[in-house]
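Visitor: I would like a close look at a single part of this model. Please take me through the place where the chains meet.

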2 protein chains.
Amino acid sequence: MHTVLESRSKTVTIGHDQPFCVIGERINPTGRKVFSEELRGGDLSRVREDAIAQVEAGADMLDVNAGIPLVDEPELLKQMLAVVQETTDVPICIDSSVISALEAGLSVYEGKALVNSVTGEDERLEEILPLVARYGAAVIGLANDETGIPETPQQRLDIARKIVSAAGDFGIPPEDVVIDPLAMTVGADTEAVKVTLEAIRLIRDELGVNMSLGASNVSFGLPQRHALGGAFLPMAMAAGLTSAIMSCAREIVDSVRAADLLLGHDEWGARWIAAHRERQAQEAAAGS
Amino acid sequence: MHTVLESRSKTVTIGHDQPFCVIGERINPTGRKVFSEELRGGDLSRVREDAIAQVEAGADMLDVNAGIPLVDEPELLKQMLAVVQETTDVPICIDSSVISALEAGLSVYEGKALVNSVTGEDERLEEILPLVARYGAAVIGLANDETGIPETPQQRLDIARKIVSAAGDFGIPPEDVVIDPLAMTVGADTEAVKVTLEAIRLIRDELGVNMSLGASNVSFGLPQRHALGGAFLPMAMAAGLTSAIMSCAREIVDSVRAADLLLGHDEWGARWIAAHRERQAQEAAAGS
(Lines give C-alpha, C1' and ligand atoms only; values in the text may rest on other atoms or scores of the structure.)
Protein backbone atom coordinates (compact mmCIF):
# COMPACT_ATOMS: atom_id res chain seq x y z
CA MET A 1 0.00 0.00 0.00
CA HIS A 2 1.45 3.37 -1.03
CA THR A 3 0.73 6.72 0.59
CA VAL A 4 1.74 9.41 -1.90
CA LEU A 5 2.46 12.93 -0.61
CA GLU A 6 3.34 15.90 -2.77
CA SER A 7 4.85 19.33 -2.57
CA ARG A 8 4.68 21.72 -5.52
CA SER A 9 7.55 19.86 -7.19
CA LYS A 10 8.31 16.69 -5.30
CA THR A 11 6.58 13.39 -4.59
CA VAL A 12 7.25 11.14 -1.60
CA THR A 13 5.88 7.60 -1.43
CA ILE A 14 5.47 5.86 1.91
CA GLY A 15 5.19 2.09 1.70
CA HIS A 16 6.31 -1.26 3.07
CA ASP A 17 8.51 -1.75 -0.01
CA GLN A 18 9.96 1.77 0.14
CA PRO A 19 12.83 3.39 2.04
CA PHE A 20 11.62 4.68 5.39
CA CYS A 21 10.05 8.16 5.30
CA VAL A 22 11.89 10.49 7.67
CA ILE A 23 9.66 13.40 8.77
CA GLY A 24 11.65 16.13 10.52
CA GLU A 25 10.10 16.97 13.90
CA ARG A 26 11.93 20.21 14.62
CA ILE A 27 9.58 22.95 13.36
CA ASN A 28 7.43 22.82 16.46
CA PRO A 29 7.44 25.38 19.27
CA THR A 30 6.44 22.84 21.93
CA GLY A 31 9.15 22.90 24.59
CA ARG A 32 11.24 25.45 22.62
CA LYS A 33 11.07 28.69 24.55
CA VAL A 34 13.27 30.90 22.38
CA PHE A 35 11.63 29.66 19.19
CA SER A 36 8.18 30.32 20.68
CA GLU A 37 9.12 33.86 21.59
CA GLU A 38 10.54 34.52 18.15
CA LEU A 39 7.40 33.21 16.46
CA ARG A 40 5.21 35.25 18.79
CA GLY A 41 7.20 38.31 17.76
CA GLY A 42 6.82 37.55 14.06
CA ASP A 43 10.41 36.38 13.53
CA LEU A 44 10.29 33.28 11.33
CA SER A 45 14.00 33.07 10.52
CA ARG A 46 14.47 29.93 12.59
CA VAL A 47 11.70 28.18 10.64
CA ARG A 48 13.76 28.67 7.52
CA GLU A 49 16.98 27.50 9.20
CA ASP A 50 15.35 24.42 10.71
CA ALA A 51 13.78 23.52 7.38
CA ILE A 52 17.08 23.68 5.52
CA ALA A 53 19.05 21.88 8.23
CA GLN A 54 16.61 18.99 8.46
CA VAL A 55 16.44 18.44 4.71
CA GLU A 56 20.24 18.51 4.54
CA ALA A 57 20.31 15.97 7.36
CA GLY A 58 18.09 13.60 5.38
CA ALA A 59 14.45 14.53 6.06
CA ASP A 60 12.06 13.31 3.35
CA MET A 61 9.24 15.47 4.72
CA LEU A 62 8.86 18.17 7.38
CA ASP A 63 6.33 18.46 10.18
CA VAL A 64 5.14 22.02 10.79
CA ASN A 65 3.38 22.95 14.03
CA ALA A 66 2.39 26.44 15.22
CA GLY A 67 0.90 25.55 18.59
CA ILE A 68 1.66 28.46 20.92
CA PRO A 69 -0.80 29.48 23.65
CA LEU A 70 -2.75 32.67 22.97
CA VAL A 71 -1.46 33.01 19.42
CA ASP A 72 -3.59 33.17 16.28
CA GLU A 73 -2.57 29.65 15.33
CA PRO A 74 -4.26 29.50 11.90
CA GLU A 75 -2.52 32.69 10.80
CA LEU A 76 0.89 31.70 12.21
CA LEU A 77 0.67 28.23 10.68
CA LYS A 78 -0.07 29.76 7.26
CA GLN A 79 2.99 31.98 7.56
CA MET A 80 5.20 29.12 8.67
CA LEU A 81 3.98 26.93 5.81
CA ALA A 82 4.72 29.73 3.36
CA VAL A 83 8.30 29.97 4.64
CA VAL A 84 8.87 26.20 4.53
CA GLN A 85 7.36 25.92 1.05
CA GLU A 86 9.56 28.65 -0.34
CA THR A 87 12.68 27.31 1.42
CA THR A 88 12.52 23.58 0.65
CA ASP A 89 10.75 21.32 -1.81
CA VAL A 90 9.76 18.42 0.45
CA PRO A 91 6.12 17.60 1.24
CA ILE A 92 4.78 18.81 4.57
CA CYS A 93 2.97 17.28 7.50
CA ILE A 94 0.52 19.94 8.71
CA ASP A 95 0.41 19.51 12.48
CA SER A 96 -2.24 20.97 14.74
CA SER A 97 -4.90 19.95 17.21
CA VAL A 98 -6.91 23.03 16.22
CA ILE A 99 -9.26 22.35 13.35
CA SER A 100 -9.33 25.92 12.06
CA ALA A 101 -5.54 25.84 11.92
CA LEU A 102 -5.56 22.59 9.91
CA GLU A 103 -8.04 24.17 7.52
CA ALA A 104 -5.96 27.34 7.20
CA GLY A 105 -2.87 25.25 6.58
CA LEU A 106 -4.52 23.11 3.94
CA SER A 107 -5.86 26.23 2.21
CA VAL A 108 -2.33 27.53 1.52
CA TYR A 109 -0.56 24.22 0.97
CA GLU A 110 0.51 23.52 -2.60
CA GLY A 111 0.40 19.78 -3.16
CA LYS A 112 -0.93 16.80 -1.24
CA ALA A 113 -0.31 17.23 2.48
CA LEU A 114 -0.27 14.81 5.36
CA VAL A 115 -2.66 16.08 8.07
CA ASN A 116 -1.40 15.45 11.62
CA SER A 117 -3.74 14.22 13.05
CA VAL A 118 -7.10 12.70 13.80
CA THR A 119 -7.83 10.27 16.67
CA GLY A 120 -10.42 7.54 16.98
CA GLU A 121 -12.75 9.89 18.87
CA ASP A 122 -16.08 10.21 17.04
CA GLU A 123 -16.17 13.98 17.26
CA ARG A 124 -12.65 14.39 15.88
CA LEU A 125 -13.31 11.92 13.08
CA GLU A 126 -16.44 13.79 12.04
CA GLU A 127 -14.73 17.17 12.09
CA ILE A 128 -11.36 16.39 10.56
CA LEU A 129 -12.01 13.70 7.97
CA PRO A 130 -14.32 15.88 5.80
CA LEU A 131 -11.55 18.47 5.71
CA VAL A 132 -8.98 15.87 4.67
CA ALA A 133 -11.34 14.60 1.97
CA ARG A 134 -12.15 18.07 0.68
CA TYR A 135 -8.46 18.93 0.18
CA GLY A 136 -7.53 15.49 -1.14
CA ALA A 137 -4.96 15.11 1.63
CA ALA A 138 -3.77 12.10 3.60
CA VAL A 139 -4.15 11.89 7.38
CA ILE A 140 -2.37 10.45 10.40
CA GLY A 141 -4.78 8.51 12.60
CA LEU A 142 -3.73 8.16 16.24
CA ALA A 143 -4.69 4.84 17.79
CA ASN A 144 -6.33 6.39 20.85
CA ASP A 145 -9.89 7.50 21.54
CA GLU A 146 -12.29 8.85 24.19
CA THR A 147 -11.03 6.21 26.64
CA GLY A 148 -7.42 7.39 26.41
CA ILE A 149 -4.27 5.53 25.34
CA PRO A 150 -5.07 1.82 24.96
CA GLU A 151 -2.75 -0.45 26.89
CA THR A 152 -2.93 -3.43 24.58
CA PRO A 153 -1.84 -3.83 20.96
CA GLN A 154 -5.23 -5.36 20.14
CA GLN A 155 -7.08 -2.26 21.38
CA ARG A 156 -4.84 -0.04 19.27
CA LEU A 157 -5.55 -2.23 16.24
CA ASP A 158 -9.28 -1.90 16.92
CA ILE A 159 -9.09 1.89 16.96
CA ALA A 160 -6.91 1.90 13.84
CA ARG A 161 -9.54 -0.21 12.09
CA LYS A 162 -12.25 2.21 13.19
CA ILE A 163 -10.31 5.18 11.79
CA VAL A 164 -9.66 3.46 8.45
CA SER A 165 -13.34 2.58 8.23
CA ALA A 166 -14.51 6.10 9.12
CA ALA A 167 -12.12 7.54 6.55
CA GLY A 168 -13.67 5.26 3.94
CA ASP A 169 -17.09 6.67 4.79
CA PHE A 170 -15.77 10.07 3.75
CA GLY A 171 -14.21 8.73 0.57
CA ILE A 172 -10.64 8.61 1.90
CA PRO A 173 -8.98 5.36 0.79
CA PRO A 174 -6.93 3.24 3.25
CA GLU A 175 -3.69 4.24 1.53
CA ASP A 176 -4.35 7.84 2.61
CA VAL A 177 -4.65 6.86 6.26
CA VAL A 178 -1.32 6.58 8.09
CA ILE A 179 -1.85 5.01 11.50
CA ASP A 180 0.13 6.16 14.53
CA PRO A 181 0.42 3.08 16.79
CA LEU A 182 1.58 5.34 19.66
CA ALA A 183 5.10 5.32 21.04
CA MET A 184 5.08 6.03 24.76
CA THR A 185 7.99 6.80 27.07
CA VAL A 186 9.96 3.73 28.12
CA GLY A 187 11.28 5.64 31.13
CA ALA A 188 7.71 5.71 32.49
CA ASP A 189 6.71 2.18 31.50
CA THR A 190 9.21 -0.59 30.83
CA GLU A 191 6.65 -2.41 28.66
CA ALA A 192 5.93 0.63 26.47
CA VAL A 193 8.18 -0.27 23.53
CA LYS A 194 7.15 -3.91 23.49
CA VAL A 195 3.50 -2.86 23.27
CA THR A 196 4.28 -0.43 20.46
CA LEU A 197 6.26 -3.03 18.49
CA GLU A 198 3.48 -5.58 18.88
CA ALA A 199 0.86 -3.00 17.83
CA ILE A 200 2.92 -2.19 14.71
CA ARG A 201 3.14 -5.86 13.82
CA LEU A 202 -0.59 -6.43 14.35
CA ILE A 203 -1.65 -3.38 12.35
CA ARG A 204 0.76 -4.34 9.56
CA ASP A 205 -0.61 -7.89 9.42
CA GLU A 206 -4.29 -7.05 9.82
CA LEU A 207 -4.70 -3.73 8.00
CA GLY A 208 -1.56 -3.42 5.84
CA VAL A 209 -1.66 0.37 6.13
CA ASN A 210 1.31 2.68 6.47
CA MET A 211 2.29 3.84 9.94
CA SER A 212 4.09 6.78 11.51
CA LEU A 213 4.86 7.72 15.10
CA GLY A 214 6.58 10.37 17.16
CA ALA A 215 9.85 8.54 17.77
CA SER A 216 11.37 10.95 20.29
CA ASN A 217 8.73 10.18 22.92
CA VAL A 218 10.34 6.81 23.55
CA SER A 219 13.56 8.19 25.03
CA PHE A 220 12.07 11.14 26.89
CA GLY A 221 13.85 11.83 30.19
CA LEU A 222 16.72 9.42 29.54
CA PRO A 223 20.37 10.18 28.70
CA GLN A 224 21.90 9.50 25.26
CA ARG A 225 18.58 9.88 23.50
CA HIS A 226 20.12 9.57 20.04
CA ALA A 227 21.47 6.11 20.82
CA LEU A 228 18.02 5.07 22.08
CA GLY A 229 16.31 6.50 18.98
CA GLY A 230 18.88 4.78 16.80
CA ALA A 231 18.07 1.42 18.39
CA PHE A 232 14.30 1.92 18.52
CA LEU A 233 13.66 2.82 14.90
CA PRO A 234 15.29 -0.28 13.32
CA MET A 235 13.21 -2.46 15.65
CA ALA A 236 10.04 -0.60 14.69
CA MET A 237 10.93 -0.74 10.98
CA ALA A 238 11.49 -4.51 11.16
CA ALA A 239 8.02 -4.78 12.73
CA GLY A 240 6.41 -2.76 9.91
CA LEU A 241 6.72 0.97 10.68
CA THR A 242 7.09 2.90 7.43
CA SER A 243 7.57 6.48 8.63
CA ALA A 244 8.30 8.55 11.74
CA ILE A 245 8.20 12.14 12.91
CA MET A 246 11.67 12.24 14.37
CA SER A 247 14.92 13.97 15.16
CA CYS A 248 17.21 14.26 12.14
CA ALA A 249 20.35 13.85 14.27
CA ARG A 250 22.97 12.09 12.21
CA GLU A 251 23.16 9.03 14.47
CA ILE A 252 19.40 8.43 14.19
CA VAL A 253 19.13 9.04 10.44
CA ASP A 254 22.13 6.74 9.90
CA SER A 255 20.35 4.00 11.85
CA VAL A 256 17.25 4.40 9.70
CA ARG A 257 19.24 4.22 6.45
CA ALA A 258 21.18 1.22 7.79
CA ALA A 259 17.90 -0.51 8.58
CA ASP A 260 16.62 0.35 5.07
CA LEU A 261 19.62 -1.47 3.64
CA LEU A 262 19.27 -4.44 6.00
CA LEU A 263 15.57 -4.82 5.23
CA GLY A 264 16.15 -4.81 1.47
CA HIS A 265 14.87 -1.27 0.81
CA ASP A 266 18.19 0.01 -0.51
CA GLU A 267 19.14 -2.47 -3.16
CA TRP A 268 22.79 -3.52 -3.05
CA GLY A 269 23.33 -0.65 -0.62
CA ALA A 270 23.50 1.87 -3.46
CA ARG A 271 22.15 4.75 -1.36
CA TRP A 272 24.21 3.74 1.68
CA ILE A 273 27.43 3.58 -0.30
CA ALA A 274 26.70 6.88 -2.10
CA ALA A 275 26.05 8.61 1.23
CA HIS A 276 29.30 7.22 2.59
CA ARG A 277 31.27 8.48 -0.41
CA GLU A 278 29.65 11.90 -0.20
CA ARG A 279 30.53 12.13 3.49
CA GLN A 280 34.12 11.09 2.76
CA ALA A 281 34.35 13.77 0.08
CA GLN A 282 32.95 16.40 2.46
CA GLU A 283 35.37 15.39 5.20
CA ALA A 284 38.28 15.46 2.76
CA ALA A 285 37.21 18.94 1.60
CA ALA A 286 36.84 20.15 5.19
CA GLY A 287 40.26 18.77 6.12
CA SER A 288 42.13 20.21 3.15
CA MET B 1 14.86 -20.83 29.21
CA HIS B 2 18.23 -20.00 30.76
CA THR B 3 21.63 -21.01 29.43
CA VAL B 4 24.09 -20.68 32.30
CA LEU B 5 27.81 -20.35 31.47
CA GLU B 6 30.57 -20.16 34.05
CA SER B 7 34.17 -19.17 34.40
CA ARG B 8 36.13 -20.00 37.54
CA SER B 9 34.50 -17.10 39.36
CA LYS B 10 31.72 -15.66 37.22
CA THR B 11 28.31 -16.79 35.97
CA VAL B 12 26.56 -15.48 32.87
CA THR B 13 22.93 -16.28 32.16
CA ILE B 14 21.58 -16.08 28.62
CA GLY B 15 17.80 -15.82 28.39
CA HIS B 16 14.84 -14.08 26.82
CA ASP B 17 14.27 -12.18 30.08
CA GLN B 18 17.94 -11.26 30.48
CA PRO B 19 20.14 -8.46 29.14
CA PHE B 20 21.67 -9.48 25.82
CA CYS B 21 24.86 -11.56 26.10
CA VAL B 22 27.69 -9.83 24.22
CA ILE B 23 30.38 -12.33 23.18
CA GLY B 24 33.55 -10.59 21.99
CA GLU B 25 34.60 -11.89 18.55
CA ARG B 26 38.11 -10.49 18.44
CA ILE B 27 40.33 -13.34 19.68
CA ASN B 28 40.30 -15.12 16.34
CA PRO B 29 43.19 -15.17 13.85
CA THR B 30 40.87 -15.50 10.82
CA GLY B 31 41.63 -12.56 8.54
CA ARG B 32 44.16 -11.09 11.02
CA LYS B 33 47.58 -11.54 9.45
CA VAL B 34 49.76 -9.93 12.11
CA PHE B 35 47.92 -11.71 14.92
CA SER B 36 48.29 -15.04 13.09
CA GLU B 37 52.02 -14.55 12.69
CA GLU B 38 52.43 -13.61 16.33
CA LEU B 39 50.51 -16.69 17.47
CA ARG B 40 52.50 -18.89 15.11
CA GLY B 41 55.68 -17.52 16.71
CA GLY B 42 54.40 -18.16 20.24
CA ASP B 43 53.67 -14.51 21.07
CA LEU B 44 50.33 -14.41 22.89
CA SER B 45 50.52 -10.80 24.12
CA ARG B 46 47.75 -9.66 21.80
CA VAL B 47 45.41 -12.33 23.19
CA ARG B 48 45.79 -10.70 26.57
CA GLU B 49 45.29 -7.18 25.18
CA ASP B 50 42.22 -8.17 23.16
CA ALA B 51 40.71 -9.95 26.15
CA ILE B 52 41.09 -6.93 28.42
CA ALA B 53 39.93 -4.43 25.79
CA GLN B 54 36.78 -6.37 24.95
CA VAL B 55 35.75 -6.86 28.57
CA GLU B 56 36.31 -3.15 29.21
CA ALA B 57 34.17 -2.41 26.16
CA GLY B 58 31.30 -4.44 27.59
CA ALA B 59 31.81 -8.08 26.57
CA ASP B 60 29.96 -10.53 28.82
CA MET B 61 31.86 -13.49 27.33
CA LEU B 62 34.80 -13.97 24.96
CA ASP B 63 35.08 -16.20 21.92
CA VAL B 64 38.51 -17.83 21.54
CA ASN B 65 39.57 -19.36 18.24
CA ALA B 66 43.00 -20.72 17.31
CA GLY B 67 42.36 -21.69 13.71
CA ILE B 68 45.62 -21.11 11.83
CA PRO B 69 46.62 -23.42 8.95
CA LEU B 70 49.44 -25.87 9.70
CA VAL B 71 49.50 -25.01 13.40
CA ASP B 72 48.97 -27.50 16.26
CA GLU B 73 45.54 -26.07 16.95
CA PRO B 74 44.74 -28.09 20.11
CA GLU B 75 47.97 -26.97 21.73
CA LEU B 76 47.62 -23.32 20.66
CA LEU B 77 43.99 -23.20 21.79
CA LYS B 78 44.99 -24.51 25.22
CA GLN B 79 47.62 -21.80 25.54
CA MET B 80 45.23 -19.07 24.42
CA LEU B 81 42.56 -20.26 26.85
CA ALA B 82 45.10 -20.21 29.66
CA VAL B 83 45.97 -16.59 28.86
CA VAL B 84 42.34 -15.49 28.65
CA GLN B 85 41.43 -17.29 31.85
CA GLU B 86 44.25 -15.67 33.79
CA THR B 87 43.56 -12.23 32.30
CA THR B 88 39.79 -11.92 32.64
CA ASP B 89 37.02 -13.60 34.59
CA VAL B 90 34.30 -13.87 31.93
CA PRO B 91 33.11 -17.25 30.63
CA ILE B 92 34.53 -18.40 27.29
CA CYS B 93 33.14 -19.62 24.03
CA ILE B 94 35.60 -22.30 22.80
CA ASP B 95 35.61 -21.94 19.03
CA SER B 96 36.97 -24.51 16.61
CA SER B 97 35.93 -26.73 13.74
CA VAL B 98 38.58 -29.26 14.80
CA ILE B 99 37.21 -31.78 17.28
CA SER B 100 40.55 -32.52 18.92
CA ALA B 101 40.97 -28.78 19.52
CA LEU B 102 37.52 -28.54 21.14
CA GLU B 103 38.44 -31.48 23.37
CA ALA B 104 41.79 -29.95 24.29
CA GLY B 105 40.08 -26.65 25.05
CA LEU B 106 37.44 -28.26 27.23
CA SER B 107 40.11 -30.21 29.11
CA VAL B 108 41.79 -27.01 30.36
CA TYR B 109 38.69 -24.83 30.75
CA GLU B 110 37.71 -24.06 34.33
CA GLY B 111 33.94 -23.67 34.48
CA LYS B 112 31.06 -24.33 32.11
CA ALA B 113 32.04 -23.39 28.57
CA LEU B 114 30.02 -22.68 25.46
CA VAL B 115 31.28 -24.91 22.63
CA ASN B 116 31.27 -23.21 19.21
CA SER B 117 29.92 -25.17 17.38
CA VAL B 118 28.07 -28.17 16.05
CA THR B 119 25.97 -28.22 12.88
CA GLY B 120 22.95 -30.33 11.94
CA GLU B 121 25.20 -32.79 10.05
CA ASP B 122 24.83 -36.31 11.48
CA GLU B 123 28.55 -36.92 11.67
CA ARG B 124 29.26 -33.67 13.50
CA LEU B 125 26.40 -34.24 15.93
CA GLU B 126 27.69 -37.72 16.76
CA GLU B 127 31.24 -36.54 17.29
CA ILE B 128 30.74 -33.26 19.12
CA LEU B 129 27.69 -33.78 21.31
CA PRO B 130 29.26 -36.61 23.41
CA LEU B 131 32.17 -34.26 24.10
CA VAL B 132 29.82 -31.47 25.17
CA ALA B 133 27.93 -33.90 27.40
CA ARG B 134 31.08 -35.35 28.96
CA TYR B 135 32.34 -31.90 29.99
CA GLY B 136 28.93 -30.61 31.04
CA ALA B 137 29.24 -27.73 28.60
CA ALA B 138 26.68 -25.89 26.46
CA VAL B 139 26.87 -25.84 22.69
CA ILE B 140 26.08 -23.55 19.77
CA GLY B 141 24.12 -25.40 17.08
CA LEU B 142 24.38 -23.92 13.58
CA ALA B 143 21.16 -24.23 11.57
CA ASN B 144 22.86 -25.74 8.52
CA ASP B 145 23.56 -29.34 7.54
CA GLU B 146 24.88 -31.59 4.75
CA THR B 147 22.77 -29.72 2.21
CA GLY B 148 24.37 -26.35 3.00
CA ILE B 149 22.82 -23.10 4.26
CA PRO B 150 19.03 -23.38 4.15
CA GLU B 151 17.35 -20.56 2.28
CA THR B 152 14.10 -20.54 4.22
CA PRO B 153 13.42 -19.82 7.90
CA GLN B 154 11.35 -23.01 8.12
CA GLN B 155 14.30 -25.14 6.99
CA ARG B 156 16.53 -23.47 9.59
CA LEU B 157 13.91 -24.22 12.24
CA ASP B 158 13.82 -27.85 11.14
CA ILE B 159 17.59 -28.21 11.53
CA ALA B 160 17.49 -26.40 14.89
CA ARG B 161 14.85 -28.87 16.06
CA LYS B 162 17.00 -31.77 14.91
CA ILE B 163 20.02 -30.44 16.85
CA VAL B 164 18.00 -29.92 20.04
CA SER B 165 16.62 -33.43 19.70
CA ALA B 166 20.04 -34.98 19.05
CA ALA B 167 21.45 -33.11 22.04
CA GLY B 168 18.68 -34.58 24.17
CA ASP B 169 19.73 -38.07 23.06
CA PHE B 170 23.12 -37.39 24.62
CA GLY B 171 21.59 -35.99 27.81
CA ILE B 172 22.13 -32.34 26.92
CA PRO B 173 19.02 -30.34 27.89
CA PRO B 174 17.49 -27.74 25.48
CA GLU B 175 18.71 -24.88 27.69
CA ASP B 176 22.28 -25.94 26.93
CA VAL B 177 21.74 -25.71 23.18
CA VAL B 178 22.13 -22.19 21.77
CA ILE B 179 20.94 -22.13 18.17
CA ASP B 180 22.71 -20.01 15.55
CA PRO B 181 20.00 -19.03 13.02
CA LEU B 182 22.73 -17.91 10.57
CA ALA B 183 23.34 -14.30 9.63
CA MET B 184 24.51 -14.04 6.05
CA THR B 185 25.96 -11.05 4.22
CA VAL B 186 23.33 -8.54 3.10
CA GLY B 187 25.74 -7.23 0.48
CA ALA B 188 25.51 -10.58 -1.29
CA ASP B 189 21.77 -11.17 -0.81
CA THR B 190 19.30 -8.36 -0.15
CA GLU B 191 16.90 -10.84 1.49
CA ALA B 192 19.53 -12.23 3.89
CA VAL B 193 18.58 -10.21 6.97
CA LYS B 194 14.86 -10.68 6.48
CA VAL B 195 15.37 -14.46 6.37
CA THR B 196 17.52 -14.34 9.51
CA LEU B 197 14.98 -12.23 11.41
CA GLU B 198 12.16 -14.54 10.42
CA ALA B 199 14.22 -17.60 11.41
CA ILE B 200 14.89 -16.04 14.82
CA ARG B 201 11.20 -15.38 15.33
CA LEU B 202 10.22 -18.90 14.28
CA ILE B 203 12.84 -20.61 16.45
CA ARG B 204 11.85 -18.41 19.39
CA ASP B 205 8.18 -19.24 18.98
CA GLU B 206 8.56 -22.95 18.23
CA LEU B 207 11.54 -24.03 20.34
CA GLY B 208 12.00 -21.23 22.87
CA VAL B 209 15.75 -21.82 22.99
CA ASN B 210 18.45 -19.20 23.27
CA MET B 211 20.16 -18.03 20.09
CA SER B 212 23.47 -16.53 19.07
CA LEU B 213 24.94 -15.54 15.72
CA GLY B 214 28.03 -14.01 14.19
CA ALA B 215 26.76 -10.46 13.80
CA SER B 216 29.65 -9.06 11.76
CA ASN B 217 28.86 -11.26 8.75
CA VAL B 218 25.84 -9.11 7.98
CA SER B 219 27.80 -5.99 7.05
CA PHE B 220 30.73 -7.72 5.35
CA GLY B 221 32.07 -5.71 2.38
CA LEU B 222 30.00 -2.59 3.14
CA PRO B 223 31.15 0.79 4.49
CA GLN B 224 30.25 2.04 8.00
CA ARG B 225 29.96 -1.46 9.36
CA HIS B 226 29.43 -0.28 12.93
CA ALA B 227 26.30 1.63 11.96
CA LEU B 228 24.97 -1.47 10.19
CA GLY B 229 25.77 -3.68 13.18
CA GLY B 230 24.15 -1.13 15.47
CA ALA B 231 20.94 -1.27 13.44
CA PHE B 232 20.94 -5.03 12.91
CA LEU B 233 21.28 -6.19 16.50
CA PRO B 234 18.26 -4.30 17.92
CA MET B 235 16.11 -5.77 15.13
CA ALA B 236 17.41 -9.27 15.89
CA MET B 237 16.93 -8.76 19.64
CA ALA B 238 13.33 -7.65 19.14
CA ALA B 239 12.79 -10.84 17.13
CA GLY B 240 14.22 -13.02 19.93
CA LEU B 241 18.01 -13.18 19.60
CA THR B 242 19.56 -13.45 23.06
CA SER B 243 23.30 -13.38 22.31
CA ALA B 244 25.81 -12.65 19.56
CA ILE B 245 29.46 -13.15 18.78
CA MET B 246 30.20 -9.59 17.78
CA SER B 247 32.45 -6.59 17.59
CA CYS B 248 32.66 -4.68 20.88
CA ALA B 249 32.95 -1.33 19.11
CA ARG B 250 31.32 1.31 21.29
CA GLU B 251 28.63 2.18 18.74
CA ILE B 252 27.49 -1.45 18.50
CA VAL B 253 27.59 -2.21 22.23
CA ASP B 254 25.67 1.03 22.87
CA SER B 255 22.97 -0.11 20.45
CA VAL B 256 22.67 -3.45 22.23
CA ARG B 257 22.38 -1.82 25.65
CA ALA B 258 19.85 0.68 24.26
CA ALA B 259 17.80 -2.22 22.90
CA ASP B 260 18.04 -3.98 26.28
CA LEU B 261 16.47 -0.91 27.87
CA LEU B 262 13.80 -0.54 25.20
CA LEU B 263 12.84 -4.22 25.45
CA GLY B 264 12.47 -4.04 29.23
CA HIS B 265 15.68 -5.90 30.12
CA ASP B 266 17.23 -2.96 31.95
CA GLU B 267 14.59 -1.96 34.43
CA TRP B 268 14.08 1.80 34.65
CA GLY B 269 17.26 2.16 32.62
CA ALA B 270 19.42 1.66 35.70
CA ARG B 271 22.33 0.12 33.78
CA TRP B 272 21.98 2.63 30.92
CA ILE B 273 22.02 5.61 33.26
CA ALA B 274 24.93 4.20 35.30
CA ALA B 275 26.96 3.67 32.11
CA HIS B 276 26.18 7.21 31.02
CA ARG B 277 27.32 8.65 34.37
CA GLU B 278 30.50 6.58 34.32
CA ARG B 279 31.29 7.81 30.83
CA GLN B 280 30.65 11.40 31.87
CA ALA B 281 32.98 10.95 34.84
CA GLN B 282 35.69 9.45 32.62
CA GLU B 283 35.35 12.28 30.12
CA ALA B 284 35.50 14.84 32.89
CA ALA B 285 38.62 13.15 34.29
CA ALA B 286 40.23 13.00 30.84
CA GLY B 287 39.45 16.67 30.25
CA SER B 288 40.80 17.91 33.56
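How many salt bridges are there between chain A and chain B?

Guide: Zero salt bridges are counted between chain A and chain B. Keep in mind that this is a predicted model. The count of residue pairs in polar contact between the two chains is four, with both residues at pLDDT 80 or more. Four helices of chain A each supply at least two residues of the side that touches chain B: helix 7 (192–206), helix 8 (225–239), helix 9 (250–262) and helix 10 (270–287). Helix 8 of chain A gives the largest share, seven residues. By class, the side of chain A that touches chain B holds 22 nonpolar, six polar and six charged residues.

Now the extent. Chain A brings 34 residues to the contact, and chain B brings 34 residues. Together the chains bury about 3,000 Å² between them. Carbon and sulfur atoms carry 73% of that area.

Two packed helices are described by the angle between their axes and the distance between the axes. For helix 9 (residues 250–262) and helix 10 (residues 270–287) of chain B, the angle is about 145° and the axes are 9 Å apart. Helix 9 of chain B makes this contact through B:Arg250, B:Asp254, B:Arg257, B:Ala258 and B:Leu261. Helix 10 of chain B answers with B:Arg271, B:Trp272, B:Arg279 and B:Glu283. The classes here are three nonpolar, no polar and six charged residues.

Back to charge pairs. Side chains of opposite charge can pair when their charged atoms come close. Over all chains, the whole structure has 30 salt bridges. One lies within chain A: the side chains of A:Asp176 and A:Lys112 meet at 2.8 Å, N to O. This pair links distant parts of the chain, 64 residues apart. A:Asp176 sits in the loop between helix 6 (153–169) and strand 8 (177–180) of chain A. A:Lys112 sits in the loop between helix 4 (99–108) and strand 6 (114–118) of chain A.

Last, the backbone. Most residues other than glycine have a negative phi, and most peptide bonds are trans. A cis peptide bond joins A:Asn116 to A:Ser117, with omega about 15°. A:Ser117 belongs to strand 6 of chain A. In chain B, the bond from B:Asn116 to B:Ser117 is also cis, with omega near 15°. B:Ser117 lies in strand 6 (residues 114–118) of chain B. B:Gln224 has a positive phi, near 55°. This residue, B:Gln224, is in the loop between helix 7 (192–206) and helix 8 (225–239) of chain B.

Methods. Residues are numbered from 1 along each chain as its sequence is written. Chains are lettered from A and ligands numbered from 1 in the order in which they are written. This is a predicted model: local features need pLDDT of at least 70, side-chain atom pairs count only at pLDDT 80 or more; totals for chains, interfaces and linings use all residues. Side-chain values use heavy atoms; hydrogens and water are left out. Contact means heavy atoms within 4.5 Å. Buried area is the accessible area (1.4 Å probe) that two parts lose on being put together, summed over both. A salt bridge is a side-chain nitrogen of Lys or Arg within 4 Å of a carboxyl oxygen of Asp or Glu. A polar contact is a pair of N or O atoms within 3.5 Å; within protein, one must be able to donate a hydrogen and the other to accept it, and residues adjacent in sequence count only if both atoms are side-chain atoms. Ala, Val, Leu, Ile, Met, Phe, Trp, Tyr, Cys and Pro count as nonpolar, Asp, Glu, Lys and Arg as charged, and the others, Gly among them, as polar. Axes are lines fitted to C-alpha atoms, for helices over the stretch in contact, and angles run from 0 to 180 degrees between N-to-C directions.
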